[in-house]
Amino acid sequence: MDLRSQYPFWLLKDGMISSFPSLEENMETEVVIMGAGITGALMAYHLGKAGHKVMVVDRRHPGMGSTSASTGLLQYEIDVPLRKLIGLVGEEAAVRSYALCVQAIDSLHTIIKKTGAKVDFEYKPSFQYASSRWHVTDLRKEYELRRRHRLSDIEWLEADDIKKKFGFKAPAGVLSAEGAQVNAYKLSHCLLEYCTRNFGLTVFDTTEIEKWSESKSGVELKTTERKVIRAKKLIVCAGYESGNYLNKKVEIRNSTYAIISKPLPGDQFWYKDSLIWETAVPYLYMRSTLDHRLLVGGRDDSFYNPDKRDRRLDRKALELENDFKKKFPAIPFQTDFAWAGTFCGTKDGLPYIGTPSPFSNTYFALGFGGNGITFSLMASEIIRDLLESKRNSDASLFSFDRS
Ligand SMILES: Cc1cc2nc3c(=O)[nH]c(=O)nc-3n(C[C@H](O)[C@H](O)[C@H](O)COP(=O)(O)OP(=O)(O)OC[C@H]3O[C@@H](n4cnc5c(N)ncnc54)[C@H](O)[C@@H]3O)c2cc1C
């Protein structure tokens, strides 16, 4: 699968941070993780910390799948608004899913502090504005619901407040204290390095798993170079390519686009340099970076066709730049880099985590959706518990057999 256009910003900025050998002999381990993106790296961290013997294999270099294209917004707001999610999965499950995303942001921060990873993590408020006056009533209901469930410190902003705090026109908006941003590509590398140093993790890159089979006692994986890995458990962290191994389609495939400006002068672009996004679907979003650039993303297309996606990139970059300039005509935004990526969501906006039929020793960690990174964190905690036969009451929220 072609996950992204050639040059996402983080890949150019940070380069190939670390590389590992390819697998050249048959191996045995306790747990093998397929995929060295942010999901595989967080999984390796949680299992390594819990004392498991873990190996990670990736057909690319670490982080070079979707993770290198990620724009790194960490939000507790799921792609499906709370009021709609309640209709789909019930109030308790919907509120718990939102609350888990709040927790996941703090858990990521804790991991980053513990491992000493320098990955541009910053807490930021999250501001969602109504894209038109027709959206105000629904956004108000969303605000009331989130406030009632105390998901975050939250504030309703009218048009005047928005003009004062953010400098652009919108009929209303919701400002939440919870939110953050991170360099997900660098974080994957830092975690893998930390785990190799501290937990004895072994990593093999440019090693592709062609197939695997399960027995009562474990799994046997075969690589395209005809090497065999035997393990008790397999965890598939293969991102949007994981669908190849499922007998049921769970993902909705889209194409998405992002641009980043040249570094800009000044201290602060708008109120606390919040993450900004809107109620329209697909939504426009923006954030700042530590080196004082502005990142703008959105203009999604509802197709998976990498050639068509990449052909549209120049036009999409221009459209995103114009979207930004319409909101902030005084900021001299000049696009420095633009990239496109495949992006998978799910019908209810929730991830798929667990062991789907017919597997028994294979777990899947599929953090599909705009909260991919926070979902990956949740998946790594849930799968660690399942693997250790510990009860995890959140597992059922994201199971493959939810209706
Ligand atoms: C443009 C863009 C912007 C985004 N912005 C955000 C955002 O702001 N916030 C957010 O939370 N999420 C965002 N996401 C989503 C987020 O990036 C993803 O959820 C996340 O990167 C997925 O990580 P992963 O490790 O599961 O997948 P990947 O990074 O794709 O890693 C999976 C790895 O598995 C490997 N693999 C696959 N098959 C095999 C095999 N057979 N054998 C060996 N290895 C294999 C691949 O090579 C790959 O490296 C964005 C995504 C895109 C594309």
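**View 1. The bridge between Ile252 and Gly345.** Ile252 has Gly345, in strand S17, as its bridge partner. The model is predicted: local features need pLDDT of at least 70, side-chain atom pairs count only at pLDDT 80 or more, and totals for chains, interfaces and linings use all residues. Residues are numbered from 1 along each chain as its sequence is written. Strands S13 and S17 run antiparallel and are joined by 10 bridges; two strands pair if DSSP finds at least two bridges between them. Helices (H or I, at least four residues) and strands (E, at least two) are DSSP runs, numbered from the N terminus. Of the 11 residues of S17, eight are buried, so the strand is mostly covered. A residue is buried if 20 or more other C-beta atoms lie within 10 Å of its own, exposed if 12 or fewer, and partly exposed in between, with C-beta atoms placed from the backbone.

**View 2. The shell around the ligand.** There are 40 residues around the ligand, and Gly37, Gly65, Gly239, Gly341 and Gly372 come nearest. A residue is near a molecule or strand if its C-beta atom, placed from the backbone, lies within 6 Å of it. Helix H2 (38-49), strand S13 (252-261), strand S17 (335-345) and helix H10 (372-387) are the elements that give two or more residues to this shell. H10 gives the most, with four residues. By class, the shell has 15 nonpolar, 19 polar and six charged residues. Ala, Val, Leu, Ile, Met, Phe, Trp, Tyr, Cys and Pro count as nonpolar, Asp, Glu, Lys and Arg as charged, and the others, Gly among them, as polar.

**View 3. The two domains and the ligand.** Domain 1 (9-70 + 184-250 + 349-398) and domain 2 (123-179 + 251-345) have bounds from an automatic or database domain assignment. The ligand lies between the two domains because both give residues to the shell around it. The domain centres, taken over C-alpha atoms, are separated by 30 Å.

**View 4. The contact between the domains.** In domain 1, 11 residues are in contact with eight residues of domain 2; contact requires that the C-beta atoms of two residues, placed from the backbone, lie within 7 Å. On the side of domain 1 that touches domain 2, six residues are nonpolar, four are polar and one is charged.
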